Amino acid sequence: MPAITNKQQLLTTAQNALRKRFPLPDAGPAGEPRPLLEELVYAACREGATPAEADDAYARLRRAFVDWNEVRVSTVQEVADVLRPLPGPGGRAKRVIGLLQEVFEATYNFDLGELAKKGLKDAARKLRFYKEGVDDYAVAWVVQRTLGGHAVPLDGPTLRVLRRLGVVEDDADADPDALEATRASVEHVVPKARGPEFTDLMSVHAKELCVEKEPNCPACPLRTDCPVGIENTSKKADPKPKKSR
Ligand code: SF4
């Protein structure tokens with residue numbers, strides 16, 4: 001049994017340990033938040049990637065194209081080539097182009113500023129109408145980073161870590177309703193003020209130690225509280241064969 005059984009305590013302890021293990025770069029003085037549309041494009045880079053990977057890909061995207069309209073009229077291949085080496089660059093490119101196309105058709109520009117003024121719940125609900133480029137992660141991301149609300153975006157790597165820690169169920173993202181319920185349960189135990197750092201640390205941890213195939217449990221600071229870590233680090237080496245007399 002893990003030494004800590006309460007989910008909130010477990011995640012607080014995990015976040016503190018991961019902060020020591022993976023010091024995040026100082027965010028510096030808070031600058032202007034990205035406009036809503038840009039934050040949605042960033043979310044398409046960030047889902048399933050680390051902050052550093054997403055920052056690099058987003059910066060390449062801004063450098064490679066004159067404006068969002070040029071991205072919109074580019075091919076999936078052209079945008080994917082810029083996003084690489086992010087995992088799944090083709091899917092991300094399709095999502096970014098689809099989002100820009102939907103926003104352009106709805107507003108004839110690339111500005112979602114009016115939507116951001118509608119209040120948190122209304123803005124989040126309306127964002128879900130952009131089906132091509134906006135998923136649960138993207139809505140939660142902009143609520144956390146741009147709209148000033150409390151949300152914890154959950155992507156595949158983050159869910160993998162939370163499953164292994166025993167915080168969420170195996171079928172946590174089986175369908176949209178299950179994912180929303182899982183997210184609500186995580187948001188319940190991760191305070192708003194710790195949400196952005198929690199999100200970033202989980203992504204880095206999933207990339208560095210809690211990898212998909214063989215998690216590096218012996219090197220993990222969470223191993224004594226993680227059921228999978230306890231199991232993986234307590235497996236005894238095969239007993240040596242007894243010497244025959
Ligand atoms: S102990 Fe292993 S399974 Fe658990 S969080 Fe750490 S790396 Fe992942």
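This is a predicted model: local features need pLDDT of at least 70, side-chain atom pairs count only at pLDDT 80 or more; totals for chains, interfaces and linings use all residues.
Local features were considered only at pLDDT of at least 70 and side-chain atom pairs only at pLDDT 80 or more, whereas totals for chains, interfaces and linings use all residues. Residues are numbered from 1 along each chain as its sequence is written, and side-chain values use heavy atoms, without hydrogens and water.

Helices are DSSP runs (H or I, at least four residues), numbered from the N terminus. Helix α5 (residues 76-83) packs with helix α6 (residues 89-107) at an angle of about 120 degrees, their axes lying 8 Å apart. Axes are lines fitted to C-alpha atoms over the stretch in contact, and angles run from 0 to 180 degrees between N-to-C directions. In the contact (heavy atoms within 4.5 Å), V76, V79, A80 and L83 of α5 meet P89, G90, R92, A93, K94 and I97 of α6.

The structure holds 16 salt bridges, each defined as a side-chain nitrogen of Lys or Arg within 4 Å of a carboxyl oxygen of Asp or Glu. One of them joins R19 and E197, with the closest N and O atoms 2.7 Å apart. R19 belongs to helix α1 (residues 7-21) and E197 to helix α12 (residues 195-208), 178 residues apart. In the salt bridge between D200 and R46, the closest N and O atoms are 2.8 Å apart. D200 lies in helix α12 and R46 in helix α2 (residues 36-46), so this pair ties together parts that are 154 residues apart in sequence. A network of salt bridges links R128, D136, R183 and E187.

Methods. Helices (H or I, at least four residues) and strands (E, at least two) are DSSP runs, numbered from the N terminus.
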